[in-house]
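Q: I'd like to learn how to read a structure like this one. Could you walk me through it?

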Amino acid sequence: MTFKSLAAGISILGASVFSPSFAGCINQVTEDIDNNFTSAVMCTNTLPSPTYQISYYEDGDATFSMFSFDKLNAGYMCISHGEVEGDNLHCRKSGVRSVPQEFKNGKILITMMDLSFGPKQRKFKALFNRNFEFATAKTSHQAELNRCFVGVRDDDVFIAFHSNDIYPLSNCLFSFEEFLAENPQVWLRLN
């Protein structure tokens, strides 16, 4: 083995072991001369947990979207196809467990709140007593109307959803991924 191949192997190994991974989203929009367009978005969770994937495709005639969330526990999967997003929406839960109340990613705590259950409502409203670095809603009422919420404060991430209406969470997670892509210093801190 030559020194160059040894050095290359060590540098590849070092890069894969010590560099944080970034999943995020890929967007592609195309348009032709007749103003017909297609739009495609694919997202994967940037943080190690919880896991999710968001795929969305739209052209002038139809839309198609897929959303999976927390595959290891609750195992939610949603598929929509039709003329507008949400047409023919079908979601199912294939896991036997609920979404955990929290995930620990190193020193980062991700608190999950299922707003389908009344006792979580008071705790959720109290979150808005302090400012967020990032939030998909300014008030708990707005988050309720959106049917989802993602917020970042210090080293904490808060994710709220309705287990009986999981699909809107894909929109909040998409906004979160866009925020992380635009703010690499936050992304590095949370990884």
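A: Let's start with R189, which is partly exposed at 28% relative accessibility; buried means under 20% relative accessible area, exposed over 50%, and partly exposed in between (1.4 Å probe, protein chains only). Keep in mind that this is a predicted model, where local features need pLDDT of at least 70, side-chain atom pairs count only at pLDDT 80 or more, and totals for chains, interfaces and linings use all residues. Residues are numbered from 1 along each chain as its sequence is written, and side-chain values use heavy atoms, leaving out hydrogens and water.

Q: Which residue forms a salt bridge with R189?
A: The general idea is that a side-chain nitrogen of Lys or Arg sits within 4 Å of a carboxyl oxygen of Asp or Glu. Here R189 forms one with E133, and the closest N and O atoms are 2.8 Å apart. R189 belongs to helix 5 (residues 184-190), while E133 is in the loop between helix 2 (119-126) and strand 9 (134-135), so the pair ties together parts that are 56 residues apart in sequence. E133 is partly exposed too, with a relative accessible area of 39%. Helices (H or I, at least four residues) and strands (E, at least two) are DSSP runs, numbered from the N terminus.

Q: How many salt bridges are there in the whole structure?
A: A search finds 5. One of them joins R147 to D165, with the closest N and O atoms 3.1 Å apart. R147 is in the loop between helix 3 (140-146) and strand 10, and D165 is in the loop between strand 11 and helix 4, so to speak two distant parts of the chain, 18 residues apart. R147 is partly exposed, at a relative accessible area of 27%, and D165 also counts as partly exposed, at 27%. Salt bridges that share partners join K107, E133, D155 and R189 into one network.

Q: Where in the chain do D155 and K107 lie?
A: D155 is in the loop between strand 10 (148-153) and strand 11 (156-161), and K107 is in the loop between strand 7 (102-105) and strand 8 (108-114), so their pair ties together parts 48 residues apart in sequence. The closest N and O atoms of this salt bridge are 3.6 Å apart. K107 counts as exposed, at 57% relative accessibility, whereas D155 is partly exposed, at 23%.

Q: Now the sheet: in what order do its strands come?
A: Strands of a sheet pair through backbone hydrogen bonds, either parallel or antiparallel. In this model, 5 strands form an open sheet in the order 7-8-11-10-9, with mixed pairing; two strands pair if DSSP finds at least two bridges between them. Strand 7 and strand 9 are the edge strands, each pairing on one side only. Strand 10 and strand 11 run antiparallel and are joined by 6 bridges. V152 stands opposite V157 in strand 11.

Q: And the core: which residues touch the most other members?
A: In soluble globular proteins, nonpolar side chains tend to be buried together. A nonpolar core is a set of buried Ala, Val, Leu, Ile, Met, Phe, Trp, Tyr and Cys residues joined through side-chain atoms within 4.5 Å. The largest one here has 34 residues, and F67, F69, V157, L169, L173, F176 and L190 touch the most other members. Helix 4 (residues 169-182) gives this core its largest share, 6 residues. Apart from it lies another core of 11 residues, including L115 and F124.
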